Amino acid sequence: MVLKRLSVSLFFGFLLTSLIVPSSIARFVVEKNSLRVTSPDKIKGTYDSAIGNFGIPQYGGSMAGAVVYPKDNKKGCKEFDGFGISFQSKPGALPTFVLVDRGDCFFALKVWNAQKAGASAVLVADDMEEALITMDTPEEDVSSAKYIENITIPSALIEKSFSETLKKALSNGDMVNVNLDWREAVPHPDDRVEYELWTNSNDECGVKCDMLMEFVKDFRGAAQILEKGGYTQFTPHYITWYCPQAFTLSRQCKSQCINHGRYCAPDPEQDFSSGYDGKDVVIENLRQLCVFKVANETKKPWVWWNYVTDFQIRCPMKEKRYNKECADGVIKSLGLDAKKIDKCMGSPTADSDNPVLKEEQNAQVGKGSRGDVTILPTLVVNNRQYRGKLEKGAVLKAICSGFEETTEPAVCLSGEVETNECLDNNGGCWQDKTANITACRDTFRGRVCECPLVDGVQFKGDGYSHCEVSGSGRCKINNGGCWHESRDGHTFSACLDVDGGKCQCPPGFKGDGVKSCVDVDECKDRKACQCSACSCKNSWGSYECSCSGDLLYIRDHDTCISKSGSEGRSAWAAVWVILLGLAMAGGGGYLIYKYRLRSYMDSEIRAIMAQYMPLDSQSEVPNHVHEERA
């Protein structure tokens, strides 16, 4: 039995290392973020650090902190409580970044112990001079699975020489402040993000498979919103290996591979004598690729998420339902064309290349800035491999950081990716507490102070100390900052929505229009209702004028007239006489004006003509001069 397990393990390990890319040209790219030392001055500068493949990196943002190097438990392999050490920051102080040494235990355990002691981030110092590597989670370690999924702080590996510089500064008593920056960890060239997930249909591969399945279920909703809105272009991928030529006829290759050893996957239980085989996984991986291709042809690529999620739930290996029959049931329930999917898959027994899987093997090779895909699962955003925990909020933040700034869709501003910096002192931005309006906006990149757009009305200003309404519609927002008041069912406002907006007390009031407008007493000030027959009564913002007897008050003329009878006719006759008199006076004035204008023009013309020809009233003027005699 021991020999059997050993042979299986050796073959399994050999199969994993037999990638289609020869090791001499395989290229693994370490994803980095920028680490900038801000103090002390003598070591200020920017340094590279390798993002850990667990925890939650702050993609699209940055984090400032003070570095601490513990006196005891320097490698962080034990709980810091046992040494009486706490990294919890005091109120008002910078978060604590713990520096620990590499060695003696898993990277993830070091970070977990530091997190439990209150650290906000962890820097792991390499123990040898070498190129930076990616800190990954331990393989198939049940005990570590319990804490890996709970790691929420970011971590990074730094070079040995740089770590020695930090340690020296700390030993000299210097305050070492650094800034971890993930803003350029993902390229963000335009308003669409292209991302891909390298996954696996095997649900019996341990901790990583469980985390992957959970992520697909949680992320499905957000992924479909992004895809349906045209914000992203998603592509699923599946890793396969080939069986070395010398083993293609062996029982192991036949059970783990299809197409005569061209496309293989490890045995799910790592036991060739029972359970499902690797070729079962390859076939289901191929089916899921074809589901995506067929769904994509119908302009509904997001259906892939539904299929993969439903297949996980309905067809698990544990229940012995991981087969074509169960898969066909899922395909039918989603309304997909089963015949097209079968045609896409081809024959697994054919001694020839499968176009779909061949394309997948070619895609595993790194291109451009992206290295070879060797870690499963792997998320690639804008051709840059994601590092960190596969968790909905963290992945959504990484995808959102791939959009050009200001082009992010609404899902990127949801509570799951917001930093909630606006909750603390309004983020230091302007706000109008009365109208409940603020310039602070939480984004996955951190808070920004921008004067808001409210109900179609734009505020303008610096966003920090000043924002004011501008343009049309300003009076809808907090009455434009002007005075307004309501009494007895009547409301008056000093806001005028003209000429860019201004505050001016309405008719019937006086004041500055901003803080106050006071009622004008038209009766007391004798501004209205002053005719002999008028009786005046002041009201708020106006007045009431009545006439004695059978008279009617005419507000525009501030006079009383009879409602009917001779008095009314006499009053109207008087009005007509006045109007006729004004018309006659105007006509007479016009005639006089015309006469005087004509006389003036006649005199001007005579004056001009006199310069060129003698007139009857003038003596003749000689037009030449006689020469003098000699």
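## Ser401

At 1% relative accessibility, Ser401 counts as buried. Buried here means under 20% relative accessible area, exposed means over 50%, and partly exposed lies in between (1.4 Å probe, protein chains only). Ser401 sits in the loop between helix 12 (392-400) and strand 14 (431-432). Helices (H or I, at least four residues) and strands (E, at least two) are DSSP runs, numbered from the N terminus.

A polar atom of the Ser401 side chain lies 2.6 Å from the backbone oxygen of Ala398.

## Model and confidence

This is a predicted model: local features need pLDDT of at least 70, side-chain atom pairs count only at pLDDT 80 or more, and totals for chains, interfaces and linings use all residues. Residues are numbered from 1 along each chain as its sequence is written, and side-chain values use heavy atoms, with hydrogens and water left out.

The chain averages a pLDDT of 80, and 83% of the residues score at least 70. The pLDDT is the predictor's confidence in each residue, from 0 to 100. Over residues 1-28 it is below 50. That stretch has 46 contacts in the model beyond near neighbours in sequence. A contact means heavy atoms within 4.5 Å. Residues 617-630 also have pLDDT below 50. Beyond near neighbours in sequence, residues 617-630 have one contact in the model.

## Nonpolar cores

The largest nonpolar core has 58 residues. Such a core is a set of buried Ala, Val, Leu, Ile, Met, Phe, Trp, Tyr and Cys residues joined through side-chain atoms within 4.5 Å. Tyr195, Phe219 and Ile399 touch the most other members. Helix 7 (residues 278-297) supplies the largest share of this core, nine residues.

Not counting residues up to four places away in sequence, Tyr195 touches Phe219, Ala223, Thr232, Gln233, Phe234, Thr235, Trp305, Leu379, Val380, Val381 and Ile399.

## Aromatic pairs

A search of the whole structure finds 18 aromatic pairs. Rings of Phe, Tyr and Trp (its six-membered ring) pair if their centres lie within 6.5 Å; planes under 30 degrees apart count as stacked, over 60 as edge-to-face and the rest as tilted. Phe234 and Trp304 form a tilted pair, 5.3 Å centre to centre with 50° between the planes. Phe234 is buried at 3% relative accessibility. Trp304 is buried too, with a relative accessible area of 0%.

Trp430 and Phe459 make another tilted pair, 5.8 Å centre to centre and 45° between the planes. Trp430 lies in the loop between helix 12 and strand 14, and Phe459 lies in strand 19 (residues 457-461), so the pair ties together parts that are 29 residues apart in sequence. Both Trp430 and Phe459 are buried. Elsewhere, ring pairs link Tyr195, Phe215, Phe219, Phe234, Phe292, Trp304 and Trp305 into a cluster.

## Disulfides

The structure holds 14 disulfides. A disulfide is counted as a pair of cysteine sulfur atoms within 2.5 Å. Among them is the link of Cys77 and Cys105, with sulfur atoms 2.1 Å apart. It is left-handed, with -85° about the S-S bond. This pair links distant parts of the chain, 28 residues apart. Cys77 lies in the loop between strand 3 (62-68) and strand 4 (96-101). Cys105 lies in the loop between strand 4 and helix 2 (107-116). Cys105 is partly exposed at 22% relative accessibility.

Cys523 and Cys536 are also joined, S to S 1.8 Å. Their link is left-handed, with -70° about the S-S bond. Cys523 lies in the loop between strand 26 (518-519) and strand 27 (534-539) and Cys536 lies in strand 27, so the pair ties together parts that are 13 residues apart in sequence. Cys523 is buried, with a relative accessible area of 19%, whereas Cys536 is partly exposed at 27%. Another disulfide joins Cys547 to Cys560, with sulfur atoms 1.9 Å apart. Its torsion about the S-S bond is about -85°, so it is left-handed. Cys547 lies in strand 28 (residues 542-547) and Cys560 in strand 30 (residues 559-562), so this pair connects parts 13 residues apart in sequence. Both Cys547 and Cys560 are buried.

Methods:
A polar contact is a pair of N or O atoms within 3.5 Å; within protein, one must be able to donate a hydrogen and the other to accept it, and residues adjacent in sequence count only if both atoms are side-chain atoms.
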